[in-house]
Amino acid sequence: MANELILIVEDNPKSLKLVRDTLQVKGYQTIETETGEEGVRLAHERQPALILMDIQLPGISGVEALQRLRADPVTHHTPVIAVTASVMPQDRTRVMAAGFNGFQGKPISVRELLATGRDILDKRLGQP
Ligand code: MN
């Protein structure tokens with residue numbers, strides 16, 4: 001089953017298109033926004049099964065957006081995958097320490113992103 005609703009928060013048009021097209025081809029429903037503020041609002045309103053969160057965004061960062069999601073009882077347990085061009089080991093450690101459920105480096109590997117997303121949706125990864 002792959003018809004879950006996934007929220008994409010991404011300000012780069014090419015990355016957004018890649019992720020959106022990849023998910024839709026696999027049968028997922030998607031909603032999207034270019035800012036963390038709007039992402040937090042949309043997550044509360046639509047309650048997606050999974051969020052893909054870019055870290056470098058205009059306005060609040062993906063990390064700040066995650067903190068707001070975790071502070072909201074409605075989105076407290078929503079799994080969030082960080083998507084970032086900062087792929088050094090210390091970057092990954094810092095991102096995961098912030099409380100993300102998964103990590104996807106850029107350039108985005110479509111195969112890896114789908115596998116990580118599926119594992120988290122199936123609760124094989126990212127359990128608190
Ligand atoms: Mn960005």
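## Manganese site

Gln56 is exposed, with a relative accessible area of 59%. Asp54 is buried, at 4%. The cut-offs are under 20% for buried and over 50% for exposed. Both residues belong to a metal site in this predicted model.

The manganese ion is coordinated by Asp11 through OD, Asp54 through OD and Gln56 through O. These donors lie at 2.0 to 2.1 Å. Along the sequence, the donor residues follow the spacing D-x42-D-x1-Q. Water is not among the atoms, so the site may look incomplete.

## Helix 2 against helix 3

Helix 2 covers residues 36-46, and helix 3 covers residues 62-71. Their axes come within 9 Å and cross at roughly 25°. Angles under 35 degrees count as roughly parallel, so helix 2 is roughly parallel to helix 3. The crossing is right-handed.

Helix 2 contributes Gly36, Glu37, Val40 and Ala43 to the contact. Helix 3 meets them with Ala65, Arg68 and Leu69. By class, this contact holds four nonpolar, one polar and two charged residues.

## Helix 1 against helix 5

Helix 1 spans residues 13-25, and helix 5 spans residues 110-121. They pack at an angle of about 60°, with axes 11 Å apart. That angle makes helix 1 oblique to helix 5. Helix 1 passes helix 5 in a right-handed crossing.

On the helix 1 side, the contact uses Leu18, Val19, Thr22 and Leu23. On the helix 5 side, Val110, Leu113 and Leu114 take part. The residues of this contact divide into six nonpolar, one polar and no charged.

Terms used. Residues numbered from 1 in each chain as written. Predicted model: local features only at pLDDT ≥ 70, side-chain atom pairs only at ≥ 80, totals over all residues. Heavy atoms only, no water. Donors = N, O, S within 2.8 Å, 3.2 Å for Na, K, Ca; no water. Buried < 20%, exposed > 50% of the residue type's maximum accessible area, 1.4 Å probe, protein only. Axes fitted to C-alpha atoms, helices over the stretch in contact; angles between N-to-C directions. Helix = DSSP H or I, 4+ residues; strand = E, 2+ residues; numbered from the N terminus. Parallel < 35°, antiparallel > 145°, perpendicular 65-115°, else oblique. Left-handed = near helix turned anticlockwise from the far one by under 90°. Contact = heavy atoms within 4.5 Å. Nonpolar A, V, L, I, M, F, W, Y, C, P; charged D, E, K, R; others polar.
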